[in-house]
Structures are given as C-alpha cells and as structure tokens.
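Me: I am new to this structure and would like to learn how to read its features. Please take them one at a time, with the general idea and then the case here.

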Amino acid sequence: RSTAEASHRRSRSSAVGLKAFQNKNLLTMKTGGIRMTMIEEIAARQELKQLVDTYANESDKNNQDYYVNVFTEDCRVRVYFNGELGMDLKNVHDLIAAYKGFGAAKAAFHMNGQQTVAFEDETHATGTCYALAHLVNEKDGADMLTTHAVRYEDRYVKTADGWRVAARKQYFMFSDTHALGK
C-alpha cells in the first residue's frame, strides 16, 4: 500500500507541477513584442531548423527542384563572394536554374552549424545560419575538394504550407580548394 500511495502522490505532484509550469511559462511568453507560447516558439524554431537542414540535405543530393519547398515563389536571394554581390535572384525558379547551372559535384557534403532566430510575429522571423559546404569535383584528372564557409541571413515567412525562406543573403566568407587527400 505504501508503494502505491507514493506512486500516486508522485503522479499527482507531477501533473500539478506540469500544469503550473504550463500556466506560468507557456501562456505568457513574449517574443519580439508578440505573444507566443513557449511550445509554439519551440515548435517554430524546430520547423525553421528543419527547413535550413533540409535545404542542405537536398543540396547534397543535387536536388535543386526541392527548393520550391524551402523558398517562397517570389523569394529574393543575393549571393556574395568575398563581400561582392555575385548573384541577385528574384524568384525560386531563377534560383533553381542558377544553382543547376553550376553542375553536379562528384560528391557534396553540406553541414549546418548554429542558427539564431528572432520572431517579428507569429508568421515572420529573421535568422542567421552558418554552414560548411564541401564539394568534390574533378580537374585535370584529379579530385579537388572545395570547402566554402557560408553565412545565411534569412527572412522567413510562415505560409499555408509551413515556414519558407522569403529572402536570403548568402555570404561565401572564404573558400579553400586543394587536391583531395593531400
């Protein structure tokens, strides 16, 4: 009897504690001047992380057609090389065509690092994500590894289909190319 009573008290205490936590923290959180529950904010952050990670995964597969699921139709993407604007793309189809124009690497490995997000309201946010892109291409019969350090500065919008990138500034901070294995 003692064990059953103790178990019941723990369960009841946990339920009361969870309810108090929900009432105190989940319903009153302010983010960027807006009201979002903590659960809503965590879910939105996870969805945005999934969005940028899926972009990297599909880039590894050379599946630029998937970008219609990452970017809005009318997205604006500006790509900078060494601080200079190199591409200014005005919609997702121009983005797809430009990236297909680079051709497929023999192998690709994109790895995202930290991502910070700030919510403007429930359907708009900004974020910065850091990434390393490793691409293997052949040159003069040798496999060459190019590593790009990239910073993405994004504006996100939540659509009927979920979060999408509406605008992106993509900075190639530095790059290194050398023979693979050397």
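Me: Is Asp-140 buried or exposed?

Reply: Buried means under 20% relative accessible area, exposed over 50%, and partly exposed in between, with a 1.4 Å probe and protein chains only. Asp-140 has a relative accessible area of 77%, so Asp-140 is exposed. Asp-140 sits in the loop between β6 and β7. Helices (H or I, at least four residues) and strands (E, at least two) are DSSP runs, numbered from the N terminus.

Me: What is the phi of Asp-140?

Reply: Most residues other than glycine have a negative phi. Asp-140 is not a glycine, yet has a positive phi of about 55°. Asn-82, also not a glycine, has a positive phi of about 50°. Asn-82 is in the loop between β3 and β4, and because its relative accessibility is 68%, Asn-82 counts as exposed.

Me: What kind of model is this, and which residues count?

Reply: The model is predicted: local features need pLDDT of at least 70, side-chain atom pairs count only at pLDDT 80 or more, and totals for chains, interfaces and linings use all residues. Residues are numbered from 1 along each chain as its sequence is written, and side-chain values use heavy atoms, with hydrogens and water left out.

Me: How many disulfides does the structure hold?

Reply: A disulfide is a covalent bond between the sulfur atoms of two cysteines. Here the test is a pair of cysteine sulfur atoms within 2.5 Å, and the structure holds zero disulfides. Cys-75 counts as buried because its relative accessibility is 0%; Cys-129, at 1%, counts as buried too.

Me: How many residues has the largest nonpolar core?

Reply: A nonpolar core is a set of buried Ala, Val, Leu, Ile, Met, Phe, Trp, Tyr and Cys residues joined through side-chain atoms within 4.5 Å. The largest one has 29 residues, and those with the most contacts inside it include Leu-48, Phe-71 and Trp-163. Its largest share, five residues, comes from α2. Not counting residues up to four places away in sequence, Phe-71 touches Tyr-55, Val-77, Val-92, Leu-95, Arg-164, Val-165 and Arg-168.

Me: Which residues does His-124 contact?

Reply: Leaving aside neighbours within four places in sequence, His-124 is in contact with Phe-119, Tyr-156, Val-157 and Trp-163. His-124 lies in strand β6 and, because its relative accessibility is 29%, counts as partly exposed. His-124 and Ala-166 are 42 residues apart in sequence and 9.6 Å apart in space, C-alpha to C-alpha.

Me: Which residues lie nearest the centre of the largest pocket?

Reply: On a 1 Å grid over the protein atoms alone, a pocket is an open set of points where a 1.4 Å probe fits, with protein on both sides within 12 Å along at least five of seven lines; lining residues have an atom within 4 Å of a point. The largest pocket is lined by 27 residues, and Tyr-99, Phe-102, Gly-103, His-110 and Leu-135 lie nearest its centre. The largest share of that lining, four residues, comes from β7.

Conventions: Contact means heavy atoms within 4.5 Å.
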